[in-house]
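Reader: Hi! Could you walk me through this one before I set anything up?
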Amino acid sequence: MKQFILVIFCCSFLSTIAQTQKSQFISYERVKLTEIEKQSLISTIQEYNAKYDECQKMVTKKLTGYNYHTDADAGIYHEVRASFSYAVALLDLGDEHYTKRAFDIIEKVISLQDTNRMSPTNGIWPYFLEEPLATKKSPPDFNWADFNGVSLLDVLMDHEEKIPKALKPKIERSLILAARSIQKRNMGPGYTNIAIMGTYVTYLTAYLLNIDDLKEYAQKRLITFYNYTLEKGGFSEYNSPTYTLLALDELERMKNHIINPASKPMIDSLYTIGWSIIAHHYHKPSGQWAGPHSRSYSSIVKPAFYGILNQASNGKIDLGVESKPLDPKVKHSIPSFLLPYFLTPQYPRTETDLFENVEPVIKGTTYLAKDYTLASANRSSLWNQRRPFIAYWGTLQNPKSLQVRFLHDFYDFSSASFYSQQKENSLLAGINFILNGGDKHISIDRIKDGKFKAKDLRLRFEFGNYLDFQNFSIPNNNFDPIKIIIDNLQFNFQLYYAFFEKLKGHWEKGSDDNCSWIDYVVYSGKESEFDLNIIQSAAFGFTFSMGTSKDKLPNVKPEVTVKENLMNVNWNGIDLMLSIKPSFLSKNL
């Protein structure tokens, strides 16, 4: 701790960025945007302008529901990370009219950082001005040291000559506090995006501000992540549309700024691994990123993805979709040997991935056909960021998806676990429950003693971007086969097991403005307490297959045997074993 204090408060050290190491280990230059990039940035800035509060010198955000790491769920709040992003965008634009506003924002948001060296949250920020770390009840997000540290590095490296003299030491001190928080937390290599981002922040901070012990830490952290990733054969946050792109962004920053010959080959290799993940799971006909996804905030990819593909292929992947880059300073490049997966892919084919090679292993199966793609993970939770079962079809202009969810009071129940085995376009799946899992989040809000209260529990088959179920009739028997025809594709599924103690479920259908669904309703009524400890049987199983209207899909009943709380199922040459009694959380879910 003593050396941390000395580094932070040594004024003569903070007065200038160390120049002696820059040419040997890091390299950066002032930001220079093209006119096209500036026009794109202006569009982003205009969106921020509409939400900017001149009095508080921060960007506002309207909350309308449950959010991780926050106490509030409704109202207008002043947002820390978005304010940093706004300030950086204003500086990148280079319009002197906005320079003062940018530095006013930076000074204000820096002031919200926890600078108390005795505090467990020293070096991080709250999400909002209205929820200071000292009084908030929900868990703090230590990732904010990483995310906001990236923004401060952008300011220091790209706009050093513009920074007011009195503000510069505050920025440097804030960066060091963030870097020390990252070092103290020492997040392992399994948390992919934070492992990479934290390495970037500590590495650049160490060399910019000449902090020897932090240089050593950052290099060791990079080596650890590199070796871990090679051993696994990919990222722990596997095939994530959200976090693979975020990881690539940070790796691209590292490629641009880190020239240390002991580091650069590892960074280049990790960058190629990231693009290989995308290439092998890209479904050209629908324009979608095929599953299974470890973490995703939307089943359908955002338009920005197509802009990245266009830029990263030097215009070769031109999908005709207008989209602006999220950060014009980050310029990607797809390794040339991977371009055929985007331009001339071969269908049908099956991609098989070993996402976790330590028992119990996680395997991914992705079947890519001309008209659709179906993907699954052999084991996962049904947390709302997971996509262990996901299908896509349609066109780039009108893609559609099918996702399986288990809902507790109409929010994804993280204590529901998903297991499957897949053979091409056929899949055998089972869902069971854990006693010490999460409710809305896998770890933040764990259920206590295996008990939870609910007004509604249901298994949902959700058809994204499809709204017409008028011609579909709910089956009379819960275990009858269900067949749906959409866009000349068949979707066949059938429950083979559905027990949640003594509750008798039923099917129903519904829709909103974005999707439609077929639900197996387990319970709906007055709020009741459920105790997973005493429930002897809580599990669901279904078969699924899809294909064109001309395809002959499996039409056989699964063979099911239950013995000593274990269910064994065989269907269409596929086997699955599932515990039907709730148990404690196992690894790799």
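Author: Happy to; we can go through some strands, a helix and the cysteines of this predicted model.

Reader: Great. Is strand 10 buried or exposed, mostly?
Author: Five of the six residues of strand 10 (residues 389–394) are buried, so the rest of the structure largely encloses that strand.

Reader: And which strands pair with strand 10?
Author: Strand 8 (residues 372–377) pairs with strand 10 in the antiparallel sense, over five bridges. Strand 11 (residues 399–408) also runs antiparallel to strand 10, and five bridges join those two.

Reader: What stands opposite tyrosine 392?
Author: In strand 8's pairing with strand 10, threonine 373 stands opposite tyrosine 392. In strand 11, serine 401 stands opposite tyrosine 392.

Reader: How many residues lie between strand 10 and strand 11?
Author: Four, and the two strands form a hairpin.

Reader: Switching to helix 8: what span should it have, and what does it have?
Author: Helix 8 (residues 168–185) has 18 residues, and at 1.5 Å a residue it should span 26 Å. Its end C-alpha atoms are 26 Å apart, which agrees.

Reader: What follows helix 8?
Author: Asparagine 186, with a positive phi near 55 degrees.

Reader: Are cysteine 55 and cysteine 515 buried or exposed?
Author: Cysteine 55 is exposed, at 74% relative accessible area, while cysteine 515 counts as buried at 8%.

Technical notes
Residues are numbered from 1 along each chain as its sequence is written. This is a predicted model: local features need pLDDT of at least 70, side-chain atom pairs count only at pLDDT 80 or more; totals for chains, interfaces and linings use all residues. Side-chain values use heavy atoms; hydrogens and water are left out. Buried means under 20% relative accessible area, exposed over 50%, partly exposed in between (1.4 Å probe, protein chains only). Two strands pair if DSSP finds at least two bridges between them. The expected span of a helix is 1.5 Å times one less than its number of residues.
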